[in-house]
Structures are given as C-alpha cells and as structure tokens.
Amino acid sequence: MVKQRRYTYLIYFIACLLAVTTLLPFFWTLSGSFKTDVEIAKIPPTLFPDAPTLKNFAHVFNSTSFFTYFTNTLIYAVTVTVFSLLINSMSAYALARLNFPGKKFMFIMILSTMMVPFAVVMIPLFLITKAFGWIDSLTGLIVPNLFSAFGIFLLRQFYMGLPRELEEAGKMDGMSLLGVYLRIVLPLSKPILSALAVFTFLSCWNNYLWPLIVISSEKSWVLTLGIASMASEYSANWNLIMAGSIIGLIPTLLIFIFLQKQLVEGVKLSGIK
Amino acid sequence: MKRLDSKRKEAIAAYLFMAPNLLGLLIFLIGPMLYAFYVSLHHWDIITEMRWAGFENYLNAFQDSAWWNSLLKTLIYTAVFVPSLYILSLSLALLVHGMPKFSGAFRTIFFLPVIISPAISGVIWKYLMEDKVGLLNQILDFFGIAGVPWITDTDWALYSMILVGLWLVMGFYMIIFLAGLQDIPKEYYEAATIDGADFWKSFRHITLPNLRHTSVFVIVMTVIGSFQVFDQIKVMTNGGPVDATKLSVLYIFDTSFTLYNMGYASALSFCLFIIIILFTLLQFKLLRNDET
Amino acid sequence: MKAWSKFVTIALSLVIIASMFAGCSKENASSDSNEKVTLEYWRIDSSDQLNAIWKKTVEEWNTNHPESQINLTFVPATEYGQKLATAFASEKGPDIFNISPGEFMKYAGTGVIHPVDKWVEKSKDDYYDYALEGNKVNGKVMAFSQGLDLMGLFYNKELFEKNNIQPPTTWQETLDAAKKLATDKRYGISFTTKQGYVQNFELYPLFWMNGSELIKDGKVDVNNDGTRKALQYLRDLMSSGVADKSSEDTSIDDFAAGNTAMMFTGSWQVGILKDKYPNFKYGVIPYPVPAAGMKTSSDAGGWKVVISAKGKNPDRAGDAIDWMMNQNLERNVEMVKAASQFPVKKSVLKAAGNYYDSYPFDVFRDSILPNAHLEPSFSPEVVKAIGDAIQKALFSNTPIDEIVKTLEQECNKAVQAK
C-alpha cells in the first residue's frame, strides 16, 4: 500500500514538472493577448501584464468580420470532421478486418498520399478544384480536405488491435458484416474516434495555406486568414495575433474537454468467455 | 463453390466500404501527386509555360550537394525525434493513465500545445529561445548556467527544432497511446499482479505487446511526419542559420516558391517520396505490421 | 485480381489528369471596348488607413466606369507570393496586383506583366528619374509605384544623449556606439537577419558605398574589395555580440521598447512610430560611411502595382490604375502619407505641402534621398546567392574570400541562365 502511495506521488510530481514546461508557452500567449502594444515588446517579457487590457480582443471582434470568419471556419471544420470520420472508419475497418485482392497495394497507396510535401501538390490540387468550379467557395475548402490517409491509418491500427472475440460473437449470432460494424465495432471505437475527431477539427481550424490559396472574397474567409490580416507586412502586432489565437483555440479546447470522457472509456470484456 | 462466393462477397463489401474514400483520394490526392510527377519531368517557373526536361531534374538532384545536405539534416532530425517522441508520449500516457484523480486536467494541459497552430507556437518559441532575454536563457541564468544560443548557433539550432517539434505533438500521441491503453483489459493486469509481476514486468509483457498496432502507427506516422517537418522551422529559423535547419521540405519549398523552380522541386519531392516509402515498407517488415 | 485493382487505379488517375489539362483552356482576352468587364485587383492587407483609402478610390472609379468594374481584394501578406503564383499557374491570376520587390523581377522578366509605358509617358516629366528607372525592365516601364521606401539608420535619442554619444557617421563609429550601448538586456544595433529580399534591401547600401554594384547591366561585378569589406563589416557587427542575432524588419516594437539602440530600417516606420509610440524620441541619420570622407548611400524601393499581361483586358486595367494612382492628386497624397513613403512624382511632393518638412522626413528628403540608389531588380537566384553570402558572413566562419568566390560563381550561373 505504501509503495503504491509513493508511486502515486512520484507520478504527480513528474506530471506537474512536465505540465509547467508545457504550459509556459501557452500561458505566455494568454498573457500576451492582454498586453498593450508597448508592453508586448518589453524585454525581458513580463509574465503577467502590467496593465491588462481587453483592447486586443475588442479589436479582433470589431475590425475583422469576426463572426463571419468564425461561422465559415465552423462550417468547414464540422463538415469535414463528421464526414471524414464516417468514411475513414469504414475504410479502416475494411483494411483491418476484411480480405480482398489488392489489399496490401491499396494500403500502401493510401499511405503514400502522406509522403509528398503539400508545396508541390498544391498547384495541381488548385487546378482540380478549379475544374470543379469551386474556387473561392466553402465547397472548395471543404471537399479536398475530406480525404486523408492519416485517419484511415490511425483507425486501421486501432481495429487491428481490437480483440476479435467480440466480432466473432456477433457473426455467430448471425449479424451481417454491416451489423457487426455498426453495432459492435463502432461503439468500441469511441475513444479513437474522439481522438480523431479532435485532430481533424483542429487541423481544419488551424489550416492557413489552402484557405489562403482557394479563397479570395472576404466573406468566405476563415479565422486563420482573419488573424493573419492583423499582422501587416510592416508591423508584427503580436498582442493582437495572440488575442486572435486565443479566441481561435477555444472551440477546439471545448471540443477536447467535451470528448474527454469518450477518450477514457475502456473495453468491457464482460460476457465473453 | 461456397468458399469462392463468400470470398467474393467479402471483397465486394470491402470495396464498398472503401469506395467513397478511394474516389476522393484518387481525385484529390493521388491525382495531384501524379500531376506533380508529370511536372517533375519539366522545367516550370509556375507562371509561364512548362518546358520538357525529361529526367534532367532528377540527374541534377544527384549532384546537388545542398539537397544531400538537407537530406542528411532530415535524417538526423528523424533519428533523434522518433525515439524521443515515442518514449515521451508513451510516458505521458502511462503517467496520466495511472492517475487516480485530475487525469482529465493533465490530459488537457499536455494536449494544449497541439491545439495552438504551429506557426504561432513557432513565434512563441522563437521568443522563448532568444539569446539575451529569452525566457529559457533567463531560467538558466537563474541557476547560474550560461545561456544557450538555441536558434542562432549552427550546431544547436537543429536540436532546438527537435525540442519544439516534440513539444508540439507529444500531447497528440499521448492521446493515441491512451486510447490504446484503454483497450487493454484490466483483467490482464490483475492476473499478472496475482502472479507477482511488478510494474516493469507487466509493462514489458502486457502493455507493450498490446500496444503493438498503436506503436506501429506512432512510429510510422512520426517518421513520415519528421521527414516532412516544415511549419515551425519556417517560422523560427527559415532554414538558418546558414542552412543548419534547412531540412528537405524547406529546401523543396524554397526551390518551388522562392526560386520559382517547380519542376526541380517536384523532382526533389519524388526523391524524398521514394526514401520515405522505402523507410515505411522497411518499418512494416520489421514491426510485422500485417499480423493481427 | 491484384493486377485488376492496380489497373483501375492507374486508369482512373490518368482520366483525372487528362481532365485537369482540359480544364486549363486559355481565356481569351476581351478587346471589345464596350463590353462590361470586371477586373480583379489584389492588394496585400496593409494598414487600416491605406486599405480604406484604396477602397474609397476603387469605389469612385466603379461609380464612374460601369463598363470597367474593379473588384478589390485584400490578401494577408503571409505567403501572398504563393497565392499569386498558384493563381497564375492556373490561369486565374488577378488583372491588377500588388507585387513585392522580390517577386517583381520574376514576373516582369517572364512576360507575365504588361508594360505601362503608355500611361506613364503622359506624365513622364512629373516623375523623378530614379522612380521610373526602378520600374524599368529591358527599357520598358513595367510597374506603377505609389511611393518609395527609403532606408536609414534609426537611433534611440535618449540612450545616445544619456551616454553622451554622438550619432555615428562612419562604420567604426557605429560599431563603437553599438558596443558602448549594448548591455546584457539590450542590443547595440539590429537589422533583418532572416534571409530574403528584405534583408538584401537593408544591406545593399553597405556594398554600394564601397563601390560594389554586385551586378550591373547584366555584368557580374562581385569579386572586389567593396564586397569583401561589406561582408567583413557585417561579420564584425555580429561576432562582437552587439547585433541582434534574430531580428526582423517588423521588430520596430523592439526598437521603441529600447531593446536595441540602433536599427537599419526604413521610412515606412515613421508612420508606425507616430501612431504607436508618439512619445518615443528617436533620430534618423543616413547610413554611416565606411570611412570618413566617403559618400553615403541608401536603398529606395518598395511594393509596386502591376498589370497582368494575361488579364481580361490589360488596356482597361491600365486606364483604371492610371486614373487611381496618377490622376487623382489629393488621393495620391493621402496614399503616400498613409504608407509613410516618399512620393515618386514632383506634383505629389508639392501637394503634400510641408508634410515632409517635419522631422525625420526632412532628413530623408534632404540627406538620404539625394544619395539613394534604386533597389536592383535581381532574379530570385541572384537574391538567394547574395542572401547566402550575407548569411555566411553573419553566422559562419567561412573565410570571406571563399564566400565571395562562391557568390561570384552563383551570380555568374544565374546571369548565364537567362
């Protein structure tokens, strides 16, 4: 018992140390977002703002068409997350559990899409988006981002690690493949799907380059473009950018906290012999 | 006859399951990659017409010492980053997993760096690592240690980039490991404790084997990722000082959008592609990925 | 079965690629003078003030010219070059656009930009010579400039007065002043250390003052004492520890906060300093000379506005920009003031009244401008070669002679590749 206590203290101690290192840069962004123009440049940088101001946040909300950008980004991120989660889990299941000709080739081909830098596929992708007529529209933002090998790979590995017994039991009960997938596998995937949901939402939310390339009209701008427009070519305005970033990361943070519970649901093996 | 039927059924089902993804991947990912390969066979400055080059770009790549230098830097980065990330994020996951209380708070804290965009994080770390007045050197100074030229020294810069890279994604891979840890039935550990196993024994014989598929993901993904690391390096050092952090994708980016040499950049990308795919296949073989 | 799936994949991909080419049909430029046309005008997102002036100006044009409507779009400055290039690669480039000095040469030299002689001819005499020359490529004027940025040495007046130091006039004096004023929390001097055309822009005068033109009229003139001296001075500044090792031109906040005593930066900062730090006392002097008795120099350049040769109607585009930038004196004065630049036309300078009489504009006008050298239009390869040399001088131990030799090789390569 005492040994376990000591272990627990050790765990907390190390965790706290690491937490502080992790928090430091983040905390600095937070405090920076409350600083005035003059204070943000002060050396050495102060950890707590001397004269905290809400001006930066006000500036972000007012001078940019903030609500429009926010809504656009929300539509973009939610659509991509929901849709890609669906199709990724289906593909991943096929790759993990089903046998079919060309399986190995398919998997490698899918993975290979992650191996070329965006800089060189950006222009061809733009050409394709243009061919569909989606330039300067939210559709052009959403559709190309629906498909990603990352999610497929993540889920495939997860499915491969699931104990087969549950699926076997389902099959023996007479469930169809789709039934097994929907009623047994999908519920078990909640932890990993939550993780993927957060990640997908996040990468959409923080995406800058593709929105910059595809979208021109300000009414279709996403948040990252709005935040970038606060840094002009001549002046950095870090306090404004930090304020914008803080506002920007709140939705993802909320989603993460909300999905926390899903992340830690374990597998229940009860009922299996 | 019956066996063939069910095999065919399975194949059809599989393709149906994968259809939407396959279609999308083909159009929006494979398509552009093939086009990029087509471009690599030309000279192209992006804004005017392409000129046929055959394999000239690839031949030039072989003789490009700056390219080889960037590949070397990328290899060093990967070699240090991947094991460090694996150990770090797994440790975080084990730490959090073993906490009776407040695990949610710690999970959120460790995940925070992932949420901030790499560009912003890059700027913040640039300030933290500043020579005279950056916070890191101030802390060192407090303990009487001389300041470190984190990003202004040609030797330190690469390792500082690795540090920032770790900070950026350790929370994410921690979550991946956590999800994997959740699925190891508690019964296994209970049985092991009854048999008298301590932490390390059950770690080696229960945790690690059951995390195999997750581990494959983490390792393969981080290798692919570190071969293509870009965002935070661009913001912090832009390849400097004196190309100390000019990793492959930075080199490719410079070649394409600064020097307007898209044909060559595409060729370099495919050289990188071959390397990454070979590494990946090798890892799959070593890690025995296909066994369930 | 395996081969079958591979075949399908490849076939589908080829179909997709083929359709991409089909989608690349060229748009025919309209030359019908009465057809309504909408011209896309891209500007980088500048200060609210300048953006507002342009919005108003475009509105005015649109109200009076229903057949040539301009659609003004602001683009964030970060990665603007990528967006521009991608648009042109897919035949969706804007008709009129802002372009940075770093990108100008690439677009002008490849025929993507339409010459603007026809509009500039009219007010040829109103332009300062240097202004027109800077926008000429192969003898043709290729861009409109709203104003010019001028480089100078900004210094913290309070710090200098407190420490009883005179503003430096030579390179040695600058180094000495920097050494005296540098502390463990403050740098003596700063300039852009990040490689790129901005860094080059700031540091060219160091080469020019020593007589090294680097490349003139297509001839490479790099292997000379001037280049060596300039690179050596940069190395001295950095190795003595008084120069900020990671600073950018946007670090004016650092300067105003007292983190650096001196800064090589430009006239555009005057407006920013007035807005953000009205109580900050600073001085501006021309670039110190290598040795007493030599002539100072400065760099004059800045973003330009150009017309796409591949646009829907370059003629109408030119008319529009010409009107907006040249025919509207009051508006032009506003623009130049908002960007804190120097006018390129005599009439605009006159109309600005005594705006440029105030400090430090008068310093720029009287001491810096007369010795200003135009920002050279170097190709991206040359810009990179020079940048590499500067980086090596600043941050490595490579002998200066070796750096100069490599620079010469690279410049020769770049010039021959034309």
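In which strand of chain C is the place of S190(C)? The residue belongs to strand β8, which covers residues 187-190 of chain C; helices (H or I, at least four residues) and strands (E, at least two) are DSSP runs, numbered from the N terminus. The model is predicted, so that local features need pLDDT of at least 70 and side-chain atom pairs count only at pLDDT 80 or more, while totals for chains, interfaces and linings use all residues. Residues are numbered from 1 along each chain as its sequence is written, chains are lettered from A and ligands numbered from 1 in the order in which they are written, and side-chain values use heavy atoms, with hydrogens and water left out.

S190(C) counts as buried because its relative accessibility is 2%; buried means under 20% relative accessible area, exposed over 50%, and partly exposed in between (1.4 Å probe, protein chains only). Beyond the residues up to four places away in sequence, S190(C) touches D244(C), S247(C), T260(C), M262(C), M263(C) and F264(C), where contact means heavy atoms within 4.5 Å.

Chain C as a whole contains 18 helices and 16 strands. Its C-alpha atoms fill a box of roughly 75 × 65 × 40 Å along the principal axes. Of the 418 residues of chain C, 58% count as buried. Among contacts in chain C with a separation of 6 or more, 77% are made by residues 24 or more positions apart.

The nonpolar interior can be considered next. A nonpolar core is a set of buried Ala, Val, Leu, Ile, Met, Phe, Trp, Tyr and Cys residues joined through side-chain atoms within 4.5 Å. The largest such core has 224 residues, and Y159(A) and Y107(C) have the most contacts inside it. Helix α7 of chain B (residues 156-182) gives the most to this core, with 17 residues. Apart from it lies another core of 113 residues, including I53(C), L237(C), V242(C) and A389(C). In soluble globular proteins, nonpolar side chains tend to be buried together.

F230(B) is buried because its relative accessibility is 17%, and leaving aside neighbours within four places in sequence, F230(B) is in contact with V249(B), L250(B) and F253(B).

Finally, some backbone features of chain C deserve attention. Most residues other than glycine have a negative phi, and most peptide bonds are trans. The peptide bond from Y359(C) to P360(C), however, is cis, with omega near 0°; P360(C) is placed in the loop between α15 (346-351) and α16 (361-368). N138(C), in the loop between β5 (136-137) and β6 (140-141), has a positive phi near 55°, and its relative accessibility of 77% is why N138(C) counts as exposed. N164(C) has a positive phi near 60° and lies in the loop between α7 (157-162) and α8 (171-181) of chain C. With a relative accessible area of 73%, N164(C) is exposed.
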